[in-house]
Amino acid sequence: MNDGYLIVTVFGVVAGLIMGHVMFRADYCMVAMLRDLFMFRSTVMVRFLVVQIVLSMVLLEIAHACGALSYYPSLLMGPANLSSVVGGLIFGIGMVLSGNCVVGCLYKTGTGSVLGLCTVVAMIFGALAFVEVAPMWNQLKQYWQVSQQTTLPQSFSVASGWLVWPIFLLLLPLLWRWYQSGKLQLKERTEGFIQPWKAAVVFSFVTLTACFFTGMPVGITTCYVKIGSWFEQMFFPTHVAVTAYFHNVALNYVPVFSTEMISGGAGPRLDAIAALQLSVIIGILLGAFLSARRVGEFRLNFRAPVEQYFLVVVGGGLVGFGSRLAPGCNVWHIFGGVPLLAWNSLFFVFGLVVGTWLGSKVLLSRMR
Amino acid sequence: METIEFDNCGQLCPSTLLTALREVNTYRDQLQQGSHQLVIKTDARDATRTIPDAVENMGYQVEISKQHSIYVIRIYK
């Protein structure tokens, strides 16, 4: 076996196991972090996301300054394009309706939530729906490109440290105030609870090691298209054969510690995308399953109101579709792109916040 | 004190919180008088943070226990 595939697969499984376990035990729900800002005016959980982004930014900057990152800022991050705002917007609406993001549904599925599994399936269908409009979207995107550069430092023609350290110093008093006032410490009410600030630290190191070993942050959703394409090939092989999106090779590179090239795309093949992302998906499912079993909380549960099933299907579909429009999901952009000061990730977050606000409005109106 | 039980298992946030708040409002008079307590069962771990935070702000007391794989949130005055 090509050692490049082996390295990224092993990394993906280990990272996924850690993410699944820690997300479940810390209740590290990225939907709640943003949604609760608008629905309940609560900033309790979003603080941990800020901690994570700031820490990731600093760690990546130190690693970059030491020359430890072979592919800086990252592979698969394109030039600044406003299409990421639209992707983020649709993603945000869907995320609130379904109550899940692309990793939230995975770790909840691992603990036995049938609603979580339905969301995963809906996201796969949403991602597949995008494939049908991809040629049109790619044409449209050409008019929305605002810069040839990928990151803010590149656009300003400065070393990344000139932006990262001032941002860090600007936010440090806020983080210190949260720490001093005990706002980073939550009451431990569940068995085996992991404080979310510890989870934020763990995920920062996951991002750092992902960029070191694989050349990019953790990603999930290209593999949702791939999983969908496997099923589509069973029923519509001719359609898959003539769809250009499934034949694109988006990735072609040599991972660190390897001498061999790995390559892959969204099509129905076991390739680099499968090695990078399917491994993380399996890791998260397994990590959450083992973690839930350990505290006796694995429980197959499908007993939920029909309306919730409706919402997870509609919302999950929008999340899958939005993640391909962007392209990239909340984990890719918030865990990785924002700390790297990537334009598209900042655009995505802007769209995501607006989408979350809209989704919250819709949800509240349905619940009244 | 009489107990009103509500099974919230299988639901995802924010429905867990919103349906719990709906129950609290439905039985507000009984809870305020101290004649009743509300017991909510949930398998959503995050609900053990969101529900207590919300009802404590409304002036109720909260106790959480675990029965098998389910968390039981007791709300009373």
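Helices and strands are DSSP runs numbered from the N terminus, a helix having at least four residues and a strand at least two. On that basis, P14(B) is placed in the loop between β1 (2-7) and α1 of chain B. The model is a predicted one.

## Interface between the chains

Contact between the two chains involves 24 residues of chain B and 34 residues of chain A. Together the chains bury about 2,300 Å², and carbon and sulfur atoms account for 52% of that area. On the chain B side, L12(B), R45(B) and R49(B) provide 32% of the area buried against chain A, which is more than any other three residues provide. The size of an interface is often expressed in this way, as the accessible area lost when the parts come together.

Nine salt bridges are found across the interface of chain B and chain A. One of the salt bridges pairs E56(B) with K187(A), whose closest N and O atoms are 3.9 Å apart. With the cut-off for a salt bridge at 4 Å, this pair is counted at a separation of 3.9 Å.

Four elements of chain B, namely α1 (15-26), α3 (47-57), β3 (61-67) and β4 (70-76), each give at least two residues to the side that touches chain A. The largest share, five residues, is that of α3(B). Sorted by class, this side of chain B comprises 10 nonpolar, six polar and eight charged residues.

## Cavities

The largest cavity holds about 360 Å³ of space. Its lining consists of 21 residues, and those nearest the centre are K108(A), T111(A), D43(B), A44(B) and R45(B). The lining of the largest cavity divides into seven nonpolar, seven polar and seven charged residues.

The second largest cavity has a volume of about 100 Å³. Of the 13 residues lining it, T214(A), P217(A), V218(A), G219(A) and L276(A) lie nearest its centre. Two or more lining residues come from each of α1 (3-26), α9 (196-214) and α12 (272-294) of chain A. By class, the lining of the second largest cavity has nine nonpolar and four polar residues, with no charged residue.

## The largest pocket

The largest pocket contains about 740 Å³ of space. It is lined by 34 residues, and L76(A), K141(A), A250(A), R324(A) and P327(A) are the closest to its centre. Elements of chain A that each contribute at least two lining residues are α4 (83-98), α6 (114-141), α10 (221-235), α12, α14 (330-337) and α15 (343-367). The largest share of the lining, three residues, belongs to α6(A). In composition, the pocket lining has 14 nonpolar, 18 polar and two charged residues.

## Backbone geometry

Most residues other than glycine have a negative phi, and most peptide bonds are trans. In chain A, the peptide bond from Y72(A) to P73(A) is cis, with omega near 0 degrees. P73(A) is placed in the loop between α3 (46-65) and α4 of chain A. L76(A) also lies in the loop between α3 and α4 of chain A. Although L76(A) is not a glycine, its phi is positive, at about 65 degrees. L76(A) is also one of the residues closest to the centre of the largest pocket.

In chain B, a cis peptide bond joins C13(B) and P14(B), with omega at about 5 degrees.

## Contacts of I7(A)

I7(A) is part of helix α1 of chain A. Leaving out residues up to four places away in sequence, I7(A) touches F213(A), V256(A), F257(A) and S258(A). I7(A) and L276(A) are separated by 269 residues in sequence, while their C-alpha atoms are 9.3 Å apart in space. L276(A) is among the residues nearest the centre of the second largest cavity.

Notes: Residues are numbered from 1 along each chain as its sequence is written. Chains are lettered from A and ligands numbered from 1 in the order in which they are written. This is a predicted model: local features need pLDDT of at least 70, side-chain atom pairs count only at pLDDT 80 or more; totals for chains, interfaces and linings use all residues. Side-chain values use heavy atoms; hydrogens and water are left out. Contact means heavy atoms within 4.5 Å. Buried area is the accessible area (1.4 Å probe) that two parts lose on being put together, summed over both. A salt bridge is a side-chain nitrogen of Lys or Arg within 4 Å of a carboxyl oxygen of Asp or Glu. Ala, Val, Leu, Ile, Met, Phe, Trp, Tyr, Cys and Pro count as nonpolar, Asp, Glu, Lys and Arg as charged, and the others, Gly among them, as polar. On a 1 Å grid over the protein atoms alone, a cavity is a set of points where a 1.4 Å probe fits but cannot get out, and a pocket is an open set with protein on both sides within 12 Å along at least five of seven lines; lining residues have an atom within 4 Å of a point. Grid points are joined across faces, edges and corners, and a volume is the space filled by probe spheres set on the points.
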